[in-house]
Amino acid sequence: MMKPLASLLQEVPPSPTTTMMQRGRDLKAAGKDVVSLAGGEPDFDTPAHIVAAGYAAIEAGDTHYPPSFGTPALLKAIIEKLKTENNVHHIAPENIMVTPGAKWALFAALAAMLDPGDEVLLLDPSWVSYGPMVSLQRGVPVRVPLASDNQFKVSADLLERYVTPKTKVMMVNSPNNPTGRVLTRAEIDAIVYVATQHDLYVISDEIYEHIIYDGHRHYSLGAEPGMAERTIIVNGFSKAYAMTGWRLGWMAGPKAITGLARIYQTHSAQSAASFTMAAGAAALTGPQACVKEMVAVYDQRRKLVLDAFDEIPGIECPPVEGASMSSQVHQHEEEQSGSDAGIDR
Ligand SMILES: Cc1ncc(COP(=O)(O)O)c(C=O)c1O
């Protein structure tokens, strides 16, 4: 009889999107004609000038261990991007950690913040990995239920109902996967109020910031008053630059947190890939028209799908403001008969 393996990992299910994406690949490999909507995966290839920068780095011999927390060129590009796009001016190189994907940045940020039993507020519905990530860091996910019939709106009142003396972190994702909501000025103010009032850290996952429609505006929580010392901004290249396979993301925030996250990274992932970071620097410093062009196509598709939903009796789908578009569709309650009637989430 062998000794039992880690009980925690046996309690946490694998990521359903990762599982579904693999199912899509398997069906394709078996010759089925599949359009996989399983993951937040742009169907565009990475823009040519970014690919060229990655190639050039490999050809120039940039294939050795890179600096663990980001190359100087990429750190500089991130600092500049935060200033010009996000109005975040307090970030120096030591406030940043470049990671193999934003997913790892989220995980490492939680590792840097949580002690066992600390509670983490998740604005629910939230991205599938937030809850399991908190559990894997031995924290307690506390789901704040946002109502679909109230457009998943966030208010200070609602958030405060779930704050306890054990609450340490709030995870925020705007534009949001899966709801498609972009937080308004008033909702950002509510989050800032609750975080500062109750001395909470905030992980602000801004990976969909560029995928935004109908003139909605993205506010970075790191730029808000009183938030610099308590906010870790997480971002990456997967969505805006169609770079999911390059595995490149980053976190930026207080040195007290990034310093601990850096310890975590040196003993685990070590760094992002060297040539991937060269491509990332090219993405941030190069022409941005490619991002706008891809978003314009997503917008056309969004409209097509929204119009199609509109034609189905009993289905209501409010305009999707940003990020993904899977979950705002819901059937009128009175029309939900039978167990599979809801298309929710
Ligand atoms: C909300 C959200 N955050 C983070 C990520 C992770 O992105 P990355 O590919 O950089 O790890 C995703 C990917 O689907 C996401 O939807």
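Which residues of α5 are buried? They are Ala 102, Lys 103, Trp 104, Ala 105, Leu 106, Phe 107, Ala 108, Ala 109, Leu 110, Ala 112 and Met 113. Keep in mind that you're looking at a predicted model. Its chain averages a pLDDT of 92, and 94% of the residues score at least 70.

**Helix α5**
- α5 covers residues 102–113, so to speak a twelve-residue stretch.
- From first C-alpha to last, α5 reaches 17 Å, close to the 16 Å expected at 1.5 Å a residue.
- The helix is mostly covered, with eleven of its twelve residues buried.

**Around the ligand**
- The ligand has 14 residues around it, and the closest are Gly 101, Ala 102, Lys 103, Gly 236 and Ser 238.
- Two of those names come up elsewhere in this briefing: Ala 102 and Lys 103 are among the buried residues of α5.

**Strand β7 and its partners**
- β7 takes in residues 249–252, and both of its faces are covered.
- On one side of β7 sit Gly 249 and Met 251, on the other Trp 250 and Ala 252, and all of them are buried.
- β1 (residues 96–99) runs antiparallel to β7, with four bridges joining the two.
- Within that pairing, Ile 96 stands opposite Ala 252.
- β6 (residues 231–236) also pairs with β7 in the antiparallel sense, again over four bridges.
- Here Gly 236 has Gly 249 as its bridge partner in β7, and Gly 236 is also one of the closest residues to the ligand.

**Strand β4 and its partners**
- What about β4? Seven of its seven residues are buried, so β4 is largely enclosed by the rest of the structure.
- β2 (residues 119–124) runs parallel to β4, and four bridges join them.
- β4 pairs with β5 in the parallel sense too, this time over five bridges.
- Met 171 in β4 is a handy landmark: Leu 122 stands opposite Met 171, and Met 171 stands opposite Ile 203 in β5.

**Cis peptide bonds**
- The bond from Ser 174 to Pro 175 is cis, with omega near -10°.
- Pro 175 is found in the loop between β4 (167–173) and α8 (185–197).
- The bond from Asn 177 to Pro 178 is cis as well, with omega near 20°.
- Pro 178 has its place in the loop between β4 and α8.

- Phe 152 has phi near 55°, a positive value in a residue other than glycine.
- Phe 152 lies in the loop between β3 (140–145) and α7 (156–161).
- Is Phe 152 buried or exposed? Phe 152 counts as buried because it has 22 C-beta neighbours inside 10 Å, and the cut-off for buried is 20 or more.
- Asp 199 also has a positive phi, near 55°, and is likewise a residue other than glycine.
- Asp 199 lies in the loop between α8 and β5 (201–205).
- Asp 199 counts as exposed because it has 9 C-beta neighbours inside 10 Å, and exposed calls for 12 or fewer.

- Over residues 325–345, pLDDT stays under 50.
- For that stretch, residues 325–345, the model has 40 contacts beyond four places in sequence.

Conventions. Residues are numbered from 1 along each chain as its sequence is written. This is a predicted model: local features need pLDDT of at least 70, side-chain atom pairs count only at pLDDT 80 or more; totals for chains, interfaces and linings use all residues. The expected span of a helix is 1.5 Å times one less than its number of residues. pLDDT is the predictor's confidence in each residue, from 0 to 100. Two residues are in contact if their C-beta atoms, placed from the backbone, lie within 7 Å. A residue is near a molecule or strand if its C-beta atom, placed from the backbone, lies within 6 Å of it. Two strands pair if DSSP finds at least two bridges between them.
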